[in-house]
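Subject: Structure for your review

Dear colleague,

Please find below the structure that I am handing over to you. My findings follow it, and I would ask you to read them with the structure open.

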Amino acid sequence: MRIVSITVATVMAALLAVPALAHGFKAGAIEIEHPWARATAADAVNGGAFMVLNNEGKEADRLVSATSPAAERVELHTHIDDGGVMRMRQINAVDLAPDAKIKLAPGGLHVMLLGLKAPLVKGKAIPLTLTFEKAGAVTVEVSVQGAGDTKADHEGKHHDHDHDHDHDHGDHDHGDHDHKN
Ligand SMILES: [Cu+2]
C-alpha cells in the first residue's frame, strides 16, 4: 500500500508541475501564451525561452526583466543581422504597444537563460518570472520541448555571442600546469 501511495503522490506532483492544456498566463492586461524552451544538451550552459506576449490593454507596457531559479541570470535578447551573420544582442525591454501581439521565437526575440543549473529536459517545465513595467510580475511555467533539428543551432549561435560568461570550461586545464615536472 505504501508503494501505491508514493506512486500516486508522484503522479500528482508531475501533473501539478505541468498544468496545461490551455497553457497561458496573465499579468494585468498582458497575456503570456504558451511559454516554452528547447531541451538543452547535457553540457549546455545557456538556453532560450519563447512565448507570445499579447497586450490586451489600452496602454503600452514593456517586459523589462525576467528571472528563473533554473538559471544564474536571465536576459532579454534579440537577434540582429550583423553583415549577414545573425547575432544575439541583449535588449532592455520588449515593447508592448496596445493590441500588440509580440512573438518571442527562435531566431528572434527571446528570453535568454544564462548559466543553467541543470539541463532543460524535454517534457519538464521550469518557472520563469516575467516583470512588466505596468502589469507587474507573473511567474509562468515554461514547458521544455524537443531540442529541434533545425533550431538546435540556437546554442551554436552563442559562439558569436559576446557575453562575458565563459563557454569554455573544457579548456582551462590544458597547458598551464604540468604535473610531470
Ligand atoms: Cu540569446
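Glycine 115 is a residue of strand 9 in this predicted model. Is glycine 115 buried or partly exposed? It counts as partly exposed, because glycine 115 has 14 C-beta neighbours inside 10 Å, and burial would require 20 or more. Although glycine 115 and alanine 71 are 44 residues apart along the chain, their C-alpha atoms are separated by 5.2 Å.

Strand 9 has pairing partners that you can trace in the display. It pairs with strand 5 in the antiparallel sense, over six bridges. Within strand 9, histidine 110 is the bridge partner of histidine 77. Strand 9 also pairs with strand 3, again in the antiparallel sense, over four bridges. Here leucine 113 of strand 9 stands opposite glycine 47.

Strand 4 is the next element to consider. Four bridges join strand 4 to strand 10, and the two run antiparallel. Serine 65 stands opposite threonine 131, a residue of strand 10. Strand 4 and strand 7 pair over three bridges, also in the antiparallel sense. In that case the bridge partner of aspartate 61 is leucine 96 in strand 7.

The largest nonpolar core has 30 residues. Those with the most contacts inside it are Ala49, Leu53, Val111, Ile126, Leu128, Leu130 and Val142. Eight strands are listed as giving two or more residues to this core, by number: strand 2 (30-38), strand 3 (46-55), strand 4 (61-67), strand 5 (71-82), strand 7 (94-96), strand 9 (110-116), strand 10 (125-132) and strand 11 (136-145). Which of these gives the largest share? Strand 10 does, with five residues. In soluble globular proteins, nonpolar side chains tend to be buried together.

Why does leucine 130 count as buried? The reason is that leucine 130 has 28 C-beta neighbours inside 10 Å, where 20 or more are needed. Apart from residues up to four places away in sequence, leucine 130 touches Ala27, Ile32, Leu63, Ala66, Ala137, Val138 and Val140.

Two residues deserve attention for their backbone angles. Most residues other than glycine have a negative phi. Histidine 34, in strand 2, has a positive phi near 45°. Histidine 34 counts as partly exposed, because 16 C-beta neighbours lie inside 10 Å. Aspartate 99 is not a glycine either, yet its phi is positive, at about 70°. Aspartate 99 is found in the loop between strand 7 and strand 8 (101-104). Is aspartate 99 exposed or buried? Aspartate 99 is exposed, because it has 11 other C-beta atoms within 10 Å and the limit for that class is 12 or fewer.

For the chain as a whole, the secondary structure comes to two helices and 11 strands. From the N terminus on, the order is α-β-β-β-β-β-β-β-β-β-β-β-α. Of the 181 residues in the protein chain, 25% are buried. Among contacts with a separation of 6 or more, 70% are made by residues 24 or more positions apart.

Finally, I should set out the confidence of the prediction. The average pLDDT of the protein chain is 78, and 69% of the residues score at least 70. Where is pLDDT under 50? It stays under 50 over residues 15-21, for which the model has six contacts beyond four places in sequence. It also stays under 50 over residues 149-181, for which the model has 22 such contacts. Where pLDDT is low, the predicted coordinates should not be read in detail.

Yours sincerely

Key
Residues are numbered from 1 along each chain as its sequence is written. This is a predicted model: local features need pLDDT of at least 70, side-chain atom pairs count only at pLDDT 80 or more; totals for chains, interfaces and linings use all residues. A nonpolar core is a set of buried Ala, Val, Leu, Ile, Met, Phe, Trp, Tyr and Cys residues joined through C-beta atoms within 7 Å. Two strands pair if DSSP finds at least two bridges between them. pLDDT is the predictor's confidence in each residue, from 0 to 100. Two residues are in contact if their C-beta atoms, placed from the backbone, lie within 7 Å.
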